[in-house]
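Please look over the sequence and the model shown below before reading on. The paragraphs that follow lead from the chain as a whole to single residues.

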Amino acid sequence: MNKTPVVLTIAGSDSGGGAGVEADIKTFAALGVHGTCAITSVTSQNTTGVISSYDLPPDVIADQIDAVCIDMDIEYVKTGMLASPDIVLAVAERMKKHALSPVVDPVMAAEAGGELLTKDALSVIADELLPLSKVVTPNIYEASALSGISIKNHKDVRNAATIIGEMGVHSVIITGGHFDASDLVYETANETFTLIPGEFIKGGTHGSGCTYSAAVAAYLAQGFTLVDAASQAKRFVEHAIGGSVPVGRGVPPVNQLSHIRRNAACYHVLQDMEMAVEMIKNCTSFSYLIPEVGCNIAMAIPQAGNVADVAAVAGRIVKLKHKPAIVGCVEFGASSHVARIVLATMQSDGGVRAAVNVRYSKKVLRIIDEMDLSISSFDRAEEPAKTSTMDWGVTHAIKIYGSVPDVIYDEGGVGKEPMVRILGKSATDVAGIAVDIADRFTSG
Ligand code: PXL
């Protein structure tokens, strides 16, 4: 079995849980390395800014580093908030003692607002820590402060990287987010520059710098080259920013687990959809419920925002030789029609994430009534211009009912087949109801 790498963060604590040690440990966990920590300062902060900051005595910081390094096999370390020259000196001394390879994040200020380090601490970082370091990851402002260059364009970024490289560090990554979101990696040994392209992502950035440098350390510990680690870490932070959630009144913290949670949710949805499709396929009487335009079943992940977050059958469910036939695989983004029904429903109740459409008939409505299912409807003739029928119809039917019913139907319109839509928490839920209706349809 491969050994799980152990990495260490030497950084400040953010009581708001967005940046600092808290962000680093979440990043390590998300990337599959074991995270340890030496806390340098305790900041009392939230998403709106830093209220106060208490620096731990340098010998307590050194003890924490010793404690983990004498027990665990650690090579890569990430440093964050090192508030004073004394703290930087103590940390640099322990780097030498334990032959550690630091990824230095020369943190100067909190994303939410507030200084985190004194000016003289930055010069001690440059003089004492950078010569021992594997890589330093300043943003544009930190790179300006370290190099003394006022950075206004890409040429300035390269010049700043070269100047910082001359401080004795192996490599420099100047992170973007300013001109075109790209990062510049400068490796001093062979004087090579590598541009890592990126895109501006909508979302909160509190903790993005900490998360980035922690991710670089985690990828290096897993054996990636510096450029690969830099590029993977950038993708990781982009996902974390995209998945940020507003948890307070200020800058939303990045979410290191959003990608993992999304993948897990997709897996559960696919599993449920596969079972639902089997239930429908094995129900011969379901063929009586298949509309002229075909049938589809869909289920969304929690917090779905668009059609790509909703799984459905790629080519619909049709009637073939008096039996239901599933045409195509279950895929995300496969149906825009039933997906829109689900997305519209979720606007009112996030827990109702699945739908299946079946053939309308008076008999089907009677069975639904017998089954005590709640029901609402809309009339296409009342649809305002320039709306999407599914968005408007479903929202309207929910509004007049007062909450999300089990069934929404409409009686069609010019060139539009009437339709019944069964709504529920999961694909197997709605398939179960549809199969029940189908069995009653043929036996009654
Ligand atoms: O992202 C920089 C940073 C580092 N360390 C601590 C922080 C912050 C930003 O808020 O709070 C403790």
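Among contacts in the chain between residues at least 6 apart in sequence, 67% join residues at least 24 apart; contact here means heavy atoms within 4.5 Å. The model is a predicted one, in which local features need pLDDT of at least 70 and side-chain atom pairs count only at pLDDT 80 or more, while totals for chains, interfaces and linings use all residues. Residues are numbered from 1 along each chain as its sequence is written, and side-chain values use heavy atoms, with hydrogens and water left out.

The overall form comes next. The C-alpha trace of the chain spans about 85 × 50 × 40 Å along its principal axes. Its radius of gyration is 28 Å, whereas a compact globule of 444 residues would have one near 22 Å; the radius is taken over C-alpha atoms, and the globule rule is 2.2 Å times the number of residues to the power 0.38. The chain has 13 helices and 18 strands, which are DSSP runs numbered from the N terminus (helices: H or I, at least four residues; strands: E, at least two). Of the 444 residues, 52% count as buried. Buried means under 20% relative accessible area, exposed means over 50%, and partly exposed lies in between (1.4 Å probe, protein chains only).

In soluble globular proteins, nonpolar side chains tend to be buried together. In this chain the largest nonpolar core has 65 residues, and those with the most contacts inside it are Phe286, Ile297, Val420, Ile422 and Ile437. Helix H13 (residues 427-443) gives the most to this core, with nine residues. Apart from this core lies another, of 43 residues, among them Val77, Ala126, Val169 and Val172. A nonpolar core is a set of buried Ala, Val, Leu, Ile, Met, Phe, Trp, Tyr and Cys residues joined through side-chain atoms within 4.5 Å.

Two adjacent residues deserve attention here. Leaving aside neighbours within four places in sequence, Phe286 is in contact with residues including Ile317, Val358 and Ala438. Serine 285 lies in the loop between helix H9 (258-281) and strand S10 (297-300). Serine 285 counts as buried because its relative accessibility is 10%.

Where do aromatic rings meet? The structure holds five aromatic pairs. One of them joins tyrosine 186 and phenylalanine 193, which are stacked, at 4.6 Å centre to centre and 25 degrees between the planes. Rings of Phe, Tyr and Trp (its six-membered ring) pair if their centres lie within 6.5 Å; planes under 30 degrees apart count as stacked, over 60 as edge-to-face and the rest as tilted. Tyrosine 186 has 6% relative accessibility and therefore counts as buried, whereas phenylalanine 193, at 27%, counts as partly exposed. Phenylalanine 378 and tryptophan 392 form an edge-to-face pair, 5.8 Å centre to centre with 80 degrees between the planes. This pair links distant parts of the chain, 14 residues apart: phenylalanine 378 is in the loop between strand S16 (375-377) and helix H12 (389-401), and tryptophan 392 is in helix H12.

Charged side chains also meet rings. Arginine 158 lies over the face of phenylalanine 193, at 4.1 Å from the ring centre. The charged end of lysine 363 sits over the ring of phenylalanine 441, 4.3 Å from its centre. A charge sits over a ring if NZ of Lys or CZ of Arg is within 6 Å of the ring centre and within 35 degrees of the ring normal.
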